[in-house]
Amino acid sequence: MDKLTLYILTFNCARNPIDIELFASHFFHALPHTVPSAPPHLIVLSLQELAPIAYAFLGGSYLTPYFTSFRQVVDRAAASRWEDAQYVTVVEDHVGMTGLMVFARSDVVGRIASVQTAHVGLGLQQMGNKGAVGARLGWMVESESEAAETPPVPVTFVAAHLAPAEDAFERRNEDWRGLVERLVFSTTTTTNQEEDSESAALLGSSTTGEGEGEGVFTAGYLFLAGDLNYRTSNTLPQQADFARFPQLDVVDASDPLHYSRLLREDQLTREREKNQCFQGLSEAPITFPPTYKYKLGARNPRQWKFVHSRWPSWCDRILYLESSTATVTPYRYDVLPLFPTSDHRAVALAAAAEVLRSAQAGPSDSEAAPATDVQQQQQQQPQPTAPFPIDRDWKRKRAEARRKELVVGGLAYLGLTWEGRRYLVGMVIGGLGAWFVLRSMLSV
């Protein structure tokens with residue numbers, strides 16, 4: 001079997017720039033020290049509230065500093081852990097305030113045959129204050145025989161941010177449905193089979209094309225990471241509830257203040273068991289404290305405190321889809337230390353995606369199967385069943401929402417940012433000056 005090793009991290013940035021050195025020093029906290037010993041093939045970052053709404057909705061160069069910070073984090077973290085590990089940016093994309101970054105180890109980036117991206121807004125008027133961005137990589141499977149030409153295996157990553165608030169679990173379920181219906185990958189792809197590894201970063205650009213495209217449920221693998229916002233209560237906490245908040249220094253699972261007691265009330269687990277969301281997806285066991293909501297600015301671990309206005313909850317999660325021919329082996333699923341710039345703790349999953357020999361449709365030990373037979377065998381493998389059909393109007397809805405984002409982003413830029421206010425004041429002064437000049441000319 002061929003094994004693809006992954007390190008997936010999700011983090012709600014709280015619209016604040018990160019401390020690069022601090023983040024880099026803890027970045028691989030969830031990576032086991034023994035298995036695997038080599039650096040992962042792919043590193044995936046799911047980033048929510050990446051930047052203030054003005055910059056996020058306008059996009060482009062306004063988001064460059066925020067993405068650059070995380071590229072520096074990955075570079076420094078990898079350099080400090082391995083002597084010769086280097087990573088190439090394969091995907092750097094966003095929808096509104098939700099970002100997705102995919103990095104490939106430089107020696108395996110050539111195995112990425114294609115990249116597709118997809119976007120869906122799940123917020124107000126389907127804009128991207130909440131939403132999801134996806135990337136689908138065509139991963140070339142290593143074959144034991146050069147005569148066997150195995151088609152690429154689709155590996156899909158989705159970064160998501162769903163509706164907030166304790167009582168909005170049904171809205172979050174609807175957000176999941178909207179994601180399945182409208183996060184669609186166009187049939188047009190960008191390939192790098194004839195490109196060198198240095199140009200692989202260009203694959204991060206979105207691809208467009210005609211056709212209905214494919215949803216997130218397809219052959220291969222699906223990993224979904226993000227601030228899914230499911231809470232541990234349907235109502236806001238009252239003063240009497242504060243005594244039930246877990247204590248971070250309690251390690252005895254039998255203690256009523258151990259976090260495992262509150263985990264039993266997790267909405268996401270409850271709704272999945274009722275088949276109301278994330279149908280078919282799996283999650284590694286949770287063995288870490290709640291990831292939300294902490295007080296901002298705490299640098300000393302002993303000062304980590306939950307905010308009393310929200311229930312401590314496991315908002316930040318990483319799920320994955322398995323099938324009879326594609327399995328995921330979690331190595332470690334853990335939470336990172338609290339960073340002072342956010343009220344969330346980052347969550348990371350170290351795992352391996354294994355493509356079984358039957359899924360690869362590889363040759364037998366005695367002889368290699370013809371390429372046409374390989375493709376036919378692979379096409380006959382069972383396909384994951386999507387819980388909801390694709391919305392045929394997905395492309396128009398996304399285009400309309402994007403236009404609204406530009407309007408809202410422009411207004412927010414002028415009204416909520418210092419540089420925007422300077423432009424606005426300049427325009428007002430310039431307009432008044434032009435009016436006085438015109439008035440004086442007409443009065444002569």
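Reader: To start with, what does the accessible surface of the protein chain come to, and how much of it belongs to carbon and sulfur atoms?
Author: The accessible surface of the protein chain is about 20300 Å², with 52% belonging to carbon and sulfur atoms; such areas come from the Shrake-Rupley method with a 1.4 Å probe, and for residues only the protein chains shown count as cover. Please keep in mind that this is a predicted model, in which local features need pLDDT of at least 70 and side-chain atom pairs count only at pLDDT 80 or more, while totals for chains, interfaces and linings use all residues. Residues are numbered from 1 along each chain as its sequence is written, and side-chain values use heavy atoms, with hydrogens and water left out.

Reader: How many helices and strands does the chain have?
Author: The protein chain has 10 helices and 13 strands, taken as DSSP runs numbered from the N terminus, with helices being H or I of at least four residues and strands being E of at least two.

Reader: And what share of the residues counts as buried?
Author: Of the 444 residues, 54% count as buried, where buried means under 20% relative accessible area, exposed over 50%, and partly exposed in between, using a 1.4 Å probe and protein chains only.

Reader: Which residues touch the most other members in the largest nonpolar core?
Author: That core has 51 residues, and Leu42, Ile112, Phe157 and Phe223 touch the most other members; a nonpolar core is a set of buried Ala, Val, Leu, Ile, Met, Phe, Trp, Tyr and Cys residues joined through side-chain atoms within 4.5 Å. Apart from it lies another core of 39 residues, including Tyr7 and Ala348.

Reader: What does Phe223 touch?
Author: Not counting residues up to four places away in sequence, the residues touched by Phe223 include Leu6, Ile8, Val155, Leu319 and Ala353, a contact being heavy atoms within 4.5 Å.

Reader: Is Ala348 buried or exposed, and where does it lie?
Author: Ala348 lies in strand 13, residues 347-355, and counts as buried, because its relative accessibility is 0%. Beyond its neighbours within four places in sequence, its contacts include Tyr7, Leu9, Ile318 and Arg332, and the C-alpha atoms of Ala348 and Ile318 are 7.6 Å apart although 30 residues separate them along the chain.

Reader: What about Arg332, where is it found and what is its relative accessible area?
Author: Arg332 is found in strand 12, residues 326-335, and with a relative accessible area of 27% is therefore partly exposed. Leaving aside neighbours within four places in sequence, Arg332 is in contact with residues including His29, Pro32 and Ala348; His29 is 303 residues away in sequence and 9.8 Å away in space, C-alpha to C-alpha.

Reader: Which element gives the most to the lining of the largest cavity?
Author: Helix 9 does, with 4 residues, and the cavity holds about 40 Å³ of space. Its lining includes His119, Arg182 and Trp394.

Key: 1 Å grid on protein atoms, 1.4 Å probe; cavity = no way out; pocket = protein on both sides within 12 Å on 5 of 7 lines; lining within 4 Å. Points joined across faces, edges and corners; volume = space filled by probe spheres on them.
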